[in-house]
Amino acid sequence: MDALLKPLADTLAMAPPSKYCQAFFLAAAASVLALQLLPREARRTLTDYGARRPRRASSPTSSRSRLASALSELTAVGQVPHAYFWHFYLLSTGLSALWMWQFITRGSVVSFIAERQVSLSGEASAAAGRVFLAWLMMAAQGGRRLYECFWVLKPGRTPMWWVHWALGLGFYAAMSVSVWVEGARAMLGPWQACATDMRLTARELLTLAVFLGAWFEQHRCHRYLASLRKYSLPEGGLFKHIVCPHYTSECVVYLAISIMAAPPGNAFNVSVLCGLAFVVANLGSTAHGTKEWYAGEFGADKVGSKWRMIPGVF
């Protein structure tokens, strides 16, 4: 056993912080995709929540229903309110503020992470100005979502499994580091460098425009959903063509952050891009379940022609 654990421990000790973030995102994405291999009823028991959550079987009659029933008993342990989603955005916003404070005051935590990244990665560092802009973009996304949880969206009373809640907290914690960790060398420089390194190229202006477009569109979608009667079929705006356009917008938001925070010579910030892989897998699974639920509730003809999340692809 020691012969197996020692190489793993050595590998972990020599991995820069960015690799930890990437590994978490990819493992989480892989777990979501692996769940798609389960029978439909069992998969829905593990992944669906809110209105789409299947009811617990009272008298299983097949091996498939017995599996779903067993999983239902498992997921019944540790239920938390669906409304706890606001915890995600409070954590995200709070960590954005924490890292900024750490950066300005030369805090020990951000210095430790940045020094390990520089010493162990050997990779080029994103410019200070681009790191700062990516930081602001992430803070704006978390802040707006927190605002929506309290003043736009209707708080749900349905439960979700605590695993969903814990995974969401882990995602936002890792993403709060990912947006700046590939600019670690800039993080170790004077914070005033951000102010003198804010020259916006055409690429950065376009990235900001795409981010703001997706940011505002997601907010518009959320306001529209909040205006509907509960559990009715949304058909206005982009909902005419896409089942979950607010998920589409979320993917575009993280794609823009990944482009903005990219080190020189790279098209993307790999850590944020790995986070986007999880977002696509997780929201894609939810969008698929949402389309199935809409088809069952309102008829397949109502949603059959709509894309689930990504126009032309999915």
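Helices (H or I, at least four residues) and strands (E, at least two) are DSSP runs that are numbered from the N terminus. The model is predicted: local features need pLDDT of at least 70, side-chain atom pairs count only at pLDDT 80 or more, and totals for chains, interfaces and linings use all residues. Residues are numbered from 1 along each chain as its sequence is written, and side-chain values use heavy atoms, with hydrogens and water left out.

**Exercise 1. The overall fold**

Determine how many helices and strands the protein has, and what share of the residues is buried.

Step 1. The protein contains 14 helices and two strands.

Step 2. Buried denotes a relative accessible area under 20%, exposed one over 50%, and partly exposed a value in between (1.4 Å probe, protein chains only). Of the 314 residues in the protein, 46% are buried.

Step 3. Contact means heavy atoms within 4.5 Å. Among contacts in the protein with a separation of 6 or more, 82% are made by residues 24 or more positions apart.

**Exercise 2. The annotated regions**

State which residues the UniProt annotation "transmembrane region" covers, and describe the chain over residues 20–38 and over residues 84–104.

Step 1. According to the unreviewed UniProt entry, the annotation covers residues 20–38, 84–104 and 162–181. UniProt positions follow the numbering used here, feature names are shortened, and annotations may be inferred rather than shown by experiment.

Step 2. Residues 20–38 are 84% helix and 0% strand, with end C-alpha atoms 28 Å apart.

Step 3. Residues 84–104 are 95% helix and 0% strand, and here the end C-alpha atoms are 31 Å apart.

**Exercise 3. Aromatic rings**

Step 1. Rings of Phe, Tyr and Trp (its six-membered ring) pair if their centres lie within 6.5 Å; planes under 30 degrees apart count as stacked, over 60 as edge-to-face and the rest as tilted. The whole structure holds 20 aromatic pairs.

**Exercise 4. The nonpolar core**

Identify the residues with the most contacts inside the largest nonpolar core, and the helix that gives the most to this core.

Step 1. A nonpolar core is a set of buried Ala, Val, Leu, Ile, Met, Phe, Trp, Tyr and Cys residues joined through side-chain atoms within 4.5 Å. The largest such core has 60 residues, and those with the most contacts inside it are Trp180, Tyr254 and Ile257.

Step 2. Helix 13 (residues 270–298) gives the most to this core, contributing 10 residues.

Step 3. Beyond residues up to four places away in sequence, Trp180 touches Trp99, Val110, Ile113, Ala114, Val131, Trp135 and Met187.

**Exercise 5. Glu148 and His246**

Decide whether Glu148 and His246 are buried or exposed, and list their contacts.

Step 1. Glu148 lies in helix 7 (residues 128–151). Its relative accessible area is 0%, and therefore Glu148 is buried.

Step 2. A polar contact is a pair of N or O atoms within 3.5 Å; within protein, one must be able to donate a hydrogen and the other to accept it, and residues adjacent in sequence count only if both atoms are side-chain atoms. The side chains of Glu148 and Arg145 make a polar contact at 2.8 Å.

Step 3. Apart from neighbours within four places in sequence, Glu148 is in contact with Leu153, His219 and His222.

Step 4. His246 is located in helix 12 and counts as buried because its relative accessibility is 11%. With neighbours within four places in sequence left aside, His246 is in contact with Gln218, Cys221, His222, Leu225 and Phe239.

**Exercise 6. Loop residues**

Locate Arg106 and Tyr231, and give the phi of Arg106 and of Tyr231.

Step 1. Arg106 occupies the loop between helix 5 (85–105) and helix 6 (108–121). Although Arg106 is not a glycine, its phi is positive, at about 55°. Its relative accessible area of 34% makes Arg106 partly exposed.

Step 2. Tyr231 lies in the loop between helix 11 and helix 12. Its phi is near 60°, a positive value in a residue other than glycine, and Tyr231 is partly exposed, with a relative accessible area of 41%.
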